[in-house]
Amino acid sequence: MNNFNHYYDSETTRQVISVVVLNEHNVLSRIVGLFSARGYNIDSLTVAPITDSQYSRMTIVTTGDKRVIDQIVKQLNKLIPVLKVNEHKNVIEKDTVLMKFSIDNNLSDIDVIARAYHGSIQNVTDDSIIVSATDSSSRIMNFIKVMQKFNPLEVVRSGIVAMER
């Protein structure tokens with residue numbers, strides 16, 4: 001698990017919550033509305049359908065003290081389209097980033113650094129190169145920081161996906 005707690009006071013913790021919901025319209029807005037109505041922040045949100053089912057899995061990363069996290073879980077469980085809510089304690093987390101650079105950069109340096117972060121060159125055109133990396137969120141943040149020296153033209157992150165060990 002990543003150590004993000006140094007960004008917050010000692011009472012505030014980072015929590016990964018997965019929510020299985022019916023895959024129907026308006027569910028995402030209802031869940032986001034639950035967070036915004038109570039002033040809770042969503043640090044990361046990913047949603048994808050569960051294969052061969054009528055459900056989707058939402059992975060939400062949020063922060064708060066124990067009371068806030070408990071409140072969030074209770075409120076999520078009250079929503080009609082929600083089937084299951086899990087507070088993950090021991091998870092594998094992955095985050096993906098796509099970065100575009102000018103072709104004028106040293107491609108071998110970019111490739112070597114990307115490989116150190118489980119990444120690789122995905123596309124090369126006459127004008128630009130696109131690199132992807134998939135790793136823990138803290139390592140992806142570090143990768144983005146390291147790659148700033150190559151002056152990225154664009155940076156896009158996926159959001160966190162997580163699975164309990």
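**Note on the helices and strands of a predicted model**

1. Helix α1 (residues 27-37) packs against helix α2 (residues 66-78) at an angle of about 145 degrees, and their axes are 11 Å apart. Here axes are lines fitted to C-alpha atoms, for helices over the stretch in contact, and angles run from 0 to 180 degrees between N-to-C directions. Helices (H or I, at least four residues) and strands (E, at least two) are DSSP runs, numbered from the N terminus. Two packed helices are described by the angle between their axes and the distance between the axes.

2. The model is predicted: local features need pLDDT of at least 70, side-chain atom pairs count only at pLDDT 80 or more, and totals for chains, interfaces and linings use all residues. Residues are numbered from 1 along each chain as its sequence is written, and side-chain values use heavy atoms, with hydrogens and water left out.

3. α1 passes α2 in a right-handed crossing. A crossing is right-handed if the near helix is turned clockwise from the far one by less than a right angle, and left-handed if anticlockwise. Ile31, Leu34 and Phe35 of α1 make the contact with Ile72, Gln75 and Leu76 of α2, where contact means heavy atoms within 4.5 Å. By class, this contact of α1 with α2 has five nonpolar residues, one polar and no charged. Ala, Val, Leu, Ile, Met, Phe, Trp, Tyr, Cys and Pro count as nonpolar, Asp, Glu, Lys and Arg as charged, and the others, Gly among them, as polar.

4. The axes of helix α3 (residues 107-116) and helix α4 (residues 137-147) come within 10 Å and cross at roughly 165 degrees. That makes α3 roughly antiparallel to α4; the word applies to angles over 145 degrees, while those under 35 count as roughly parallel, 65 to 115 as roughly perpendicular and the rest as oblique. α3 passes α4 in a right-handed crossing.

5. Which residues of α3 and α4 meet? On the α3 side they are Ile110, Ile113, Ala114 and Ala116, and on the α4 side Arg139, Phe143, Val146 and Met147. The contact of α3 with α4 has seven nonpolar residues, no polar and one charged.

6. The protein has four helices and nine strands. From the N terminus on, its elements run β-α-β-β-α-β-β-α-β-β-α-β-β. Along the principal axes, the C-alpha trace spans about 55 × 40 × 30 Å.

7. Four strands form an open sheet in the order β2-β3-β1-β4, with antiparallel pairing. Its edge strands are β2 (42-49) and β4 (82-88), each of which pairs on one side only. From one strand to the next, the twist averages 15 degrees. Two strands pair if DSSP finds at least two bridges between them. β2 and strand β3 (residues 55-64) run antiparallel and are joined by seven bridges; serine 44 has valine 61 in β3 as its bridge partner.

8. Strand β5 (residues 91-102) has several antiparallel partners, including β7, to which eight bridges join β5. Methionine 99 stands opposite valine 131 in β7. Strand β8 (residues 154-157) runs antiparallel to β5 and is joined to β5 by four bridges, with glutamate 154 in β8 as the bridge partner of lysine 100. Strand β9 (residues 161-164) also pairs with β5 in the antiparallel sense, over four bridges; valine 91 stands opposite glutamate 164 in β9.

9. Strand β6 (residues 119-124) pairs with strand β7 (residues 128-135) in the antiparallel sense over five bridges. A hairpin of three residues joins β6 to β7. Glycine 119 has alanine 133 in β7 as its bridge partner.

10. An unreviewed UniProt entry places the feature "domain: ACT" at residues 16-90. UniProt positions are given in the numbering used here, feature names are shortened, and annotations may be inferred rather than shown by experiment. In the model, residues 16-90 are 32% helix and 43% strand, and the end C-alpha atoms of the span lie 10 Å apart.
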